[in-house]
Amino acid sequence: MAQTQSRTGLILRHEFLTTIKKKGFIILTLAIPVVILLGIGIFKLASNVVMPAASVTRVGYVDQIGGFDPLYELAAIELIRMESEEAATEALTSGELDEYFVIPADYVASGTVARYTLEKELAPPPAVASAIEGFLDSNLLASEVPPELIGRVLTPARIVTTTLTPEGTVAEDQGGYTNFIIPALFGALLAIALNVSANYVLQSLGEEKENRLMEILLSTVSPGQLLTGKLLGRGAAGLLQVLLWAVSIPLLLRLAVATIGGALSSIQVTPGLLVLGVVYFILGYLLFAVVSLAIAAICSTVREAQGLAPLFTLAAIAPFWFISLLMFFPNSPVWVVFSIVPFSAPVLMMLRLGITGVPAWQLAASMVVLVASVLGGLWIAAKLLRIYLLMYGKRPHLREIVRALRAG
């Protein structure tokens, strides 16, 4: 028993040290904190530079209805009345105007305004478009509505949402876009870490099999010892990476709040979120790793194995493809199901935690399914390792694999 543990420990130590010494592992581990630090530093430098005063955009208008006048002053937009389109065009080409628009006589019926500029654009700048719309609406309402009501109608309402507990008190964990940043960032890092860690496992076993080193290893250790050592060694390296990110993110957030402030000050990083992130990484890694080991066992070359692996590992990234739907319908039955389905559960659950309150039963169900999937995958991977580990040549078909598993 002690000898078995010693051999497994040697493999674990070798795999762990081999992984953390890889340049790609080191660069990926340091890249996220370094990029965030660079972003904070660039913002700090830019904020210390004296920026020139914002220029005023001179917008001319030709009123073919009559009675349209600027009723409110706009900070960056100056509306200038022009007597005719010819005069406005001459002012535009001479540089006196930046652009102009024409209010046709049938504007009330058609709702169409012609705008002219020297710049090629996809759409009018939002500030200019808002200024023109406010100018037109305020003049149309001027004779019917008090001025203070016009300002309120033209200014969008600011809705402030507060989440309450079932007891009616203010909840500690509030929603909003700012509180989605950390779970989304952690979900993205989790997807990267799962894919990289699983690829390391696949590459390690595939290279040893392709180089015939596996035959030497199996003369001293059992397939179970080899599998366990590789899983734990590569997993420990990936866990170290995630823990470093989990520790650095709150520290970097404090630095960003002190430097930038604003909306960042409302971002919350709860210990529960970090703990769940680590738990889902461990379960997700074990699942993807056992699948990678099974793929490497049935393939003859690393290239062939790497061609099959994305069929499973892309499931970790897939939730980001539908992020817009997820943000507006986080509790849809579709997302509930896929946050329990093993391959998409780790990342999707982290994203949902940043958007909405996830019931405890869904968290428990996803973890139970992940654990069951890991155990089932480990059983299948161990069988495939025993059957196909020393196989070279053509990769077996799915029907042959199923037959071999039944026979084994």
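This is a predicted model: local features need pLDDT of at least 70, side-chain atom pairs count only at pLDDT 80 or more; totals for chains, interfaces and linings use all residues.
How many cavities of 30 Å³ or more does the structure hold?

**View A. The cavity and its volume.** The structure holds 1 cavity of 30 Å³ or more. In the largest cavity lies about 30 Å³ of space.

**View B. The residues that line the largest cavity.** The largest share, 3 residues, comes from α7. What kinds of residue make up the lining: nonpolar, polar or charged? The lining divides into 5 nonpolar residues, with no polar and no charged ones.

**View C. A nonpolar patch on the surface.** Here we turn to the outside of the model, where L314, I317, W321, F322, L325, F328 and F329 form a nonpolar patch. Together, these residues have about 750 Å² of accessible area. The elements giving two or more residues to the nonpolar patch are α12 (310–317) and α13 (323–328).

**View D. A closer look at W321.** This tryptophan is one of the residues of the nonpolar patch. Where does W321 lie? You will find W321 in the loop between α12 and α13. Is W321 buried or exposed? W321 counts as exposed because its relative accessibility is 55%, and the cut-off for exposed is over 50%.

Notes: Residues are numbered from 1 along each chain as its sequence is written. Side-chain values use heavy atoms; hydrogens and water are left out. Patches are made of residues with over 30% relative accessible area and no salt bridge: like charges are joined within 9 Å, nonpolar side chains (Val, Leu, Ile, Met, Phe, Trp, Tyr) within 5 Å. Accessible areas come from the Shrake-Rupley method with a 1.4 Å probe; for residues, only the protein chains shown count as cover. A salt bridge is a side-chain nitrogen of Lys or Arg within 4 Å of a carboxyl oxygen of Asp or Glu. Helices (H or I, at least four residues) and strands (E, at least two) are DSSP runs, numbered from the N terminus. Buried means under 20% relative accessible area, exposed over 50%, partly exposed in between (1.4 Å probe, protein chains only). On a 1 Å grid over the protein atoms alone, a cavity is a set of points where a 1.4 Å probe fits but cannot get out, and a pocket is an open set with protein on both sides within 12 Å along at least five of seven lines; lining residues have an atom within 4 Å of a point. Grid points are joined across faces, edges and corners, and a volume is the space filled by probe spheres set on the points. Ala, Val, Leu, Ile, Met, Phe, Trp, Tyr, Cys and Pro count as nonpolar, Asp, Glu, Lys and Arg as charged, and the others, Gly among them, as polar.
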